[in-house]
Amino acid sequence: MAGRTGAWALEARAIVAITRKDLRILTRYPLEVFNQIGQPIYQFVIPSLLLGATFAVGGRAVGLEETAGTGDVAGFLILGMLVAYLVGAAFWGIGYSFKREMDQATLEPAWLTPVARETLVLGRGLSALVLSAIGIVLMLAIAVALFGVRLSPAIVLAVPAFLLAALAVLGVAFLISSAVLLIKEPVFWVDASDALFAAASGVMFPITVLPGFLKLVSFALPTTYAIDLLRVTGLGARPLLDPVLQYAALAMLAAILLPLGRAVFAWADRRLREQGTVGQH
Amino acid sequence: MDARALTKVFERGRRTWIQRLRREPDHRERFVAVDGIELRVEQGEIFGMLGPNGAGKTTTMRILATLLLPTSGAARVLGIDVREQPREVRRRFGAVLSGERSLYWKLTARENLEYFAALYHLPPRRTRERIESVLDAVKLTDRADDYVERYSMGMRQRLVLARALLPDPPLLLLDEPTVGLDPQAARDMRERVLELRSEGKTVLLTTHYMEEADQLCDRVAIIDHGRIVALDTPTALKRTIQAEEVVRLEIAAEADGVVSRLSENAQVARQERADGLLHLTMHTVSARDFVPRAFDAARAAGATIKHVEVVPVTLEDVFLALTGRALRE
Amino acid sequence: MLLLELRAFGAAAVREWRQLRRYPTFGLGLLFWPIVLPAMYVLQARGYSGGDQRAIDAFAERSGTNEIAGFLFIGWSMYMWLSIVLWGPGTLLRTEQVRGSLEALFLTPASRIGILFGPAVAHLVPALWMYVVVGIALRFGFGLVVEPAAVLRAAVVILLAVPALYGMGALFATLVLRVGEVVGPIQVVRGVFTVLCGITFPIVILPDLARSAALALPPTYIIADLRAVLLTGADLVDLVPDLAILLGAGVVLCALAAVAFRRAEAYARRGGRLAQY
């Protein structure tokens, strides 16, 4: 039997194999690649930018300056999008992909291998992250080249926030995966919760415009802080809270969500074994 | 591998949170899929579970494959408890459970196997050699780089078997391995299963084809309504019915009186009216002696025998004798 | 003969409706998205306007109305109608193809028009329902009061838009048979319409080239006309040129769809390819 490091290496290899498999299949649907990367741009960024332009006064976003402390509409949206890609990766790239595998009947053979269940989640996470990274780079390039967005170098200060948010969102991905494995028709729920999660995090607007109770929801989401810190450091936007506090909140949420997600996923796996529904579709 | 008092009860319907909180009595309908199964599979044998659809074969198989938790009882695979150490168990078997659809159709056979090799924790240096070896074993080497979507059903089923062989497991679980295959593909698959035994592997398979069980298995457990109703070698099982031959008769008769007359000369295993004819299955020591007497008996009862067929005893007849029903029903 | 055709048409519609209803979260989606999707953009507009009167005036000047919520809800309702059409009638033939039942359809003597457009009728129900939800949300969520006469005028616009939109759906349905993929093309087509047709913005702010492209797409007219009758009190008479263009586009698109469908069938007969996927 392999030692402990050996076992880790085998799981890591499985993660890479899952990612390779996902990306290989994707390349066989070129339009799908185009959509996964481009859809947020044409379905969300451009309509949002044009709505912003409708409110511009002499080329200046005076309203946004008031609500967010920055007049850079494109920069504002694109930094929000960076985090929205993470959320999308968790909900669709990881969570919903289990439903796809179930429909294709390929989940059960994977379930029959000695690989750790969590590895199946992490493998999908990696492939979703690769796609997101391409989207993020593309979006930043468009932002800089087409919309003249100038990000302050201080944005590197928000990179740890982004990574912490990624860990917390991974916890969320475990939760969504559990739900997808147990719910029969998850499409609507995944779609709706992904949209609400992104919106409440302030991807498309400053959360200060939300009614009071929804604002509370926003403050419970790790992504809210990551987006805000990116905008504060990159664009000089007005922070929602003291950045130190935001970092503390992020670290706390990651520390709660990741173990919680893993525990729920383990419970879901057990439920599946009781019901024997992993092969059903 | 052994199973002791294995039981699985499914509950139909839902129990709401409110019902749980109020601790209302649980009114869900219960369905016993596996009802106290006891079996022991010896190393190197092909062990078959034979029974009609819904008998509990697949549920038993899924418990042994760690996909399903038993409600009670225990099962051990190579001495390891399936409930307590499922991952350890999964390291030790390969399985063909979900049929030929369970592959990535947009990947080639080789790419499919590469993916599953990593999931089976095959070390990188052995992966390539194992893939070549299993492709060769199922005769897919020359088509290994085609997309699976271009495969025939039989080829896909062979690839599923190749996947199960990847980790070179001592034990194979095959759930209805030939279902849906054309006769040639089914024959190929059976030959492969026999080869596996000659390589020293243990095979547990389920089937509802009695010829398959007869031809492949060293021992067969006949399962009905979640229970094992008989367990032995095919030859011994066939010997349990006191007959050498089976005679099937189609008789045009108004009354049933003919049956009692015929039963004086042989055992009536089954009777059924269909298409205006009485269909009888008779177990007899000698058809040569019985058939002329059957004609006499029919004439005496005012009936006419329209058709006679004499066949050797099969596991189908054993099942019929044990349960009063045909396997196909 | 005509009666038989009508019955085949009706049967296709009824069958489609039964299948629609069986999709469990279908109803939930039709309640959720027509409210939540536009509401998110209303919040975004709030973020863009702040309390700044200059920004609000700028919006009113470009869009011709200061009913921001109404403006956005109408825009997104068009997007959702388009989604219903693309996902419904637009995927229909492809679904039959994957199921292997497309050939069976071709073998029936019923006219191809019935096969192509019959099921679309069933998809008018969710579209109408969506408009009702949008109306209720605007009235009670955002206090937008519209006269009954304006609602009636909007209904006329919607009715006149049906041939154009469902013609697009049928054309799309036939084209994806050759592509062999549904999700990708739907996203792309929907993306193009979102970017061009003025769902979240008045098309006057588009660069010239993009504006010309927008004016070639029927949904642009549907959105603009619905906004005109519901938000700025326009009369149908004012919209006659637009509505004529819409109807004309409807006739052309339906004809194109029928031709494309015939060609797909002929292609299938020659190569026997249509039954495969």
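A polar contact is a pair of N or O atoms within 3.5 Å, and within protein one of them must be able to donate a hydrogen and the other to accept it. Please bear in mind throughout that the model on the screen is predicted.

The arginine is Arg192(B), which is part of helix α7 of chain B, residues 183-198. Is Arg192(B) buried or exposed? Its relative accessible area is 6%, and the cut-off for a buried residue is under 20%, so Arg192(B) is buried. A polar atom of the Arg192(B) side chain lies 3.3 Å from the backbone oxygen of Ala137(B). If we leave aside its neighbours within four places in sequence, Arg192(B) is in contact with Ala137(B), Leu161(B), Leu165(B) and Glu199(B).

Let us turn to the way the chains meet. Two pairs of chains are in contact, and of these chains A and C share the most contacts. Chain B and chain C, by contrast, are joined by no contact; their closest C-alpha atoms lie 10 Å apart.

How many residues does each chain bring to the contact of chain C with chain A? Chain C contributes 42 residues and chain A contributes 43 residues. The size of an interface is often given as the accessible area lost when the parts come together. Between chain C and chain A the buried area is about 3,700 Å², and carbon and sulfur atoms give 70% of that area. As for polar features, 14 residue pairs are in polar contact between the two chains, with both residues at pLDDT 80 or more.

Which helices form the chain C side? At least two residues each come from α2 (26-49), α3 (53-63), α4 (68-87) and α10 (183-196) of chain C. The largest share of that side is supplied by α2(C), with 14 residues. By residue class, the side of chain C that touches chain A holds 24 nonpolar, 12 polar and six charged residues.

Helix α5 of chain C, residues 89-99, is mostly covered, with eight of its 11 residues buried. Among the buried residues of α5(C) are Pro89(C), Gly90(C), Leu92(C) and Leu93(C), together with Arg94(C) and Glu96(C). Just after α5(C) comes Gly100(C), which takes a positive phi of about 85°.

Methods
Residues numbered from 1 in each chain as written. Chains lettered and ligands numbered in written order. Heavy atoms only, no water. Buried < 20%, exposed > 50% of the residue type's maximum accessible area, 1.4 Å probe, protein only. Helix = DSSP H or I, 4+ residues; strand = E, 2+ residues; numbered from the N terminus. Contact = heavy atoms within 4.5 Å. Buried area = accessible area lost by both parts, 1.4 Å probe. Nonpolar A, V, L, I, M, F, W, Y, C, P; charged D, E, K, R; others polar.
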